[in-house]
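Please read it alongside the sequence and the coordinates.

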Amino acid sequence: MALTALELCSRALLRIGAQAIASMDEGTAEAEIASGLYDGIRDALLSAHPWSFATGQESLPRLAAEPGADHAHAFQLPPHFLRALSAGSLGAGRGLSYRLLEDRLHCDAEQVTLTYIFRPQESSFPPFFAAALVARLSAEFCIPLTESSSRAQLLFNQAEAELRAARRADSQQATTRALDGFPLIRARG
């Protein structure tokens with residue numbers, strides 16, 4: 001079932017015994033807290049792990065202006081970019097040395113393919129991530145709405161357990177990568 005930001009926040013509010021909201025700007029304390037905290041919590045959770053549903057690869061457009069120092073070229077980061085995972089060139093998604101400055105990637109290569117975490121639409125969140133996000137939202141919403149730090153701590157512990165379960169589920173979405181260039185393997189011949 002595809003969820004929206006409003007539905008995710010309402011589920012989190014219900015978990016702490018608060019009223020669900022019909023709109024993020026309805027003027028209630030619940031709506032103000034949800035609208036004020038949601039974006040940051042969502043982006044932090046998305047950035048915390050290389051989620052398969054939020055990982056993309058893209059060839060970056062090179063900018064005309066050259067960086068002032070250290071690298072030969074600057075490239076524009078994609079929209080909805082949250083975190084870089086790796087950069088490569090000529091059909092590879094990794095292997096390049098780079099540096100992020102402002103909204104640009106600086107690198108010496110002529111072409112760059114960036115592997116990165118982006119901000120997807122809530123409707124594309126898989127159930128395991130939606131559950132982890134709702135758990136984290138309920139923990140974050142708890143203190144401003146209930147002023148109970150002990151209850152908030154319990155909810156944070158539950159949110160961490162949900163996040164571990166979500167990471168485990170997500171990590172099973174691809175073939176395990178072999179270790180590349182590990183010195184002990186090379187020494188064994």
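In this predicted model, strand β4 and strand β5 (residues 104-107) are joined by four bridges and pair in the antiparallel sense. Within this pairing, L101 has R104 of β5 standing opposite. The two strands belong to an open sheet of three strands, in which the order is β2-β5-β4 and the pairing is antiparallel. The edges of that sheet are formed by β2 (73-76) and β4 (98-101), each of which pairs on one side only. Neighbouring strands of the sheet are turned against each other by 30° on average, when direction is ignored.

Most residues other than glycine have a negative phi. With a relative accessible area of 72%, E102 is exposed.

A further strand pairing involves β3 and strand β6 (residues 113-118), which run antiparallel and are joined by six bridges. One of the residue pairs can be named: R83 has I117 as its bridge partner in β6. Strand β3 (residues 81-88) has six buried residues out of eight, so it is largely enclosed by the rest of the structure.

**Helix packing**

Two packed helices are described by the angle between their axes and the distance between the axes. The table gives these values for the two helix pairs treated here.

| Helix pair | Axes come within | Crossing angle |
|---|---|---|
| α1 (residues 5-15) and α3 (residues 127-146) | 8 Å | roughly 55° |
| α2 and α3 | 9 Å | roughly 135° |

How are α1 and α3 oriented to each other? Their axes cross at roughly 55°, and the two helices are therefore oblique to each other. The crossing in which α1 passes α3 is right-handed. On the α1 side the contact is made by L8, C9, R11, A12, L13 and R15, and on the α3 side by A130, L133, V134, A135, L137, S138, F141 and L145. Sorted by class, this contact of α1 with α3 comprises eleven nonpolar residues, one polar residue and two charged residues.

The buried residues of α1 are A5, L8, C9, S10, A12 and L13, and they pack against α2 (29-47) as well as α3. Just after α1 comes G17, which takes a positive phi of about 85°.

For α2 and α3, the axes cross at roughly 135°, and these helices are therefore also oblique to each other. Their crossing is right-handed. From α2, the residues A29, E30, I33, A34, L37, Y38, I41, R42, L45 and L46 meet F129, A132, L133, R136, L137, E140, F141, P144 and L145 of α3. By class, the contact of α2 with α3 contains 15 nonpolar residues and four charged residues, with no polar residue.

**Single residues in and after the helices**

When neighbours within four places in sequence are left aside, S138 is in contact with A12, R15, I16 and L155.

L37 is a residue of helix α2, and at 30% relative accessibility L37 counts as partly exposed. Leaving aside the neighbours within four places in sequence, the residues in contact with L37 are E140 and F141. In terms of separation, L37 and Q57 are 20 residues apart in sequence, while their C-alpha to C-alpha distance in space is 29 Å.

The loop between α3 and α4 (149-171) contains E147, which has a positive phi of about 55° although it is not a glycine. E147 is exposed, its relative accessible area being 72%.

Definitions and conventions:
Residues are numbered from 1 along each chain as its sequence is written. This is a predicted model: local features need pLDDT of at least 70, side-chain atom pairs count only at pLDDT 80 or more; totals for chains, interfaces and linings use all residues. Side-chain values use heavy atoms; hydrogens and water are left out. Axes are lines fitted to C-alpha atoms, for helices over the stretch in contact, and angles run from 0 to 180 degrees between N-to-C directions. Angles under 35 degrees count as roughly parallel, over 145 as roughly antiparallel, 65 to 115 as roughly perpendicular and the rest as oblique. A crossing is left-handed if the near helix is turned anticlockwise from the far one by less than a right angle, and right-handed if clockwise. Contact means heavy atoms within 4.5 Å. Ala, Val, Leu, Ile, Met, Phe, Trp, Tyr, Cys and Pro count as nonpolar, Asp, Glu, Lys and Arg as charged, and the others, Gly among them, as polar. Buried means under 20% relative accessible area, exposed over 50%, partly exposed in between (1.4 Å probe, protein chains only). Two strands pair if DSSP finds at least two bridges between them.
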